[in-house]
Amino acid sequence: RFVEILEHLLESSEDLKAMRQGGGRLTMLDGGAGKGYLTFAAYHHLREQGFDVHTTGIDIRKDLCDRGNELAQRLGFESLSFVQGTIDDVALAQHGQG
């Protein structure tokens, strides 16, 4: 059901439609990623739809981030990673403020 909702959002956004056709880069942050089920599903779906998607899953639990990174590497998902921290920490670091 999550992927269906995501697809509806993709279809209703003119910016995302243009990005999909033009091959633009889409950056996705998943705050509170946990085990990453939805992170992996969204990443895979967006790649299948032709997006150059770069995804970061964020969680405070190091063990979950390590497990997510190991799985992403095994699957060959080169632009999917998990980082330990809070949403604020990572968002600020991504914008050069942390």
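**The sheet and its surroundings**

Tutor: Thr27 stands opposite His54 in β2. The model is predicted, so local features need pLDDT of at least 70 and side-chain atom pairs count only at pLDDT 80 or more, while totals for chains, interfaces and linings use all residues. Residues are numbered from 1 along each chain as its sequence is written, and side-chain values use heavy atoms, with hydrogens and water left out.

Strand β2 covers residues 52-59 and runs parallel to β1, to which seven bridges join it. Strands (E, at least two residues) and helices (H or I, at least four) are DSSP runs, numbered from the N terminus; two strands pair if DSSP finds at least two bridges between them. The open sheet has three strands in the order β1-β2-β3, with parallel pairing. Its edge strands, each pairing on one side only, are β1 (25-31) and β3 (80-84). From one strand to the next the twist averages 20 degrees.

Helix α3 (residues 37-48) packs on this sheet and touches β1, β2 and β3, its direction making about 175 degrees with that of β2. Helix α4 (residues 62-75) lies across β2 and β3 and runs at about 165 degrees to β3. Contact here means heavy atoms within 4.5 Å; axes are lines fitted to C-alpha atoms, for helices over the stretch in contact, and angles run from 0 to 180 degrees between N-to-C directions.

The largest nonpolar core has 16 residues, and Phe51 and Val53 are among those with the most contacts inside it. Such a core is a set of buried Ala, Val, Leu, Ile, Met, Phe, Trp, Tyr and Cys residues joined through side-chain atoms within 4.5 Å. Buried means under 20% relative accessible area, exposed over 50%, and partly exposed in between (1.4 Å probe, protein chains only). Helix α3 gives the largest share of this core, four residues. Leaving aside neighbours within four places in sequence, Phe51 is in contact with Leu10, Leu16, Met19, Arg20, Leu26 and Leu46.

Now the charged pairs. A salt bridge is a side-chain nitrogen of Lys or Arg within 4 Å of a carboxyl oxygen of Asp or Glu. Asp52 and Arg47 meet in one at 3.6 Å, N to O; Asp52 is partly exposed at 30% relative accessibility, and Arg47 is partly exposed at 37%. Lys62 forms another with Asp66, the closest N and O atoms being 2.7 Å apart. Lys62 and Asp66 are four residues apart in helix α4, so about one helical turn separates them.
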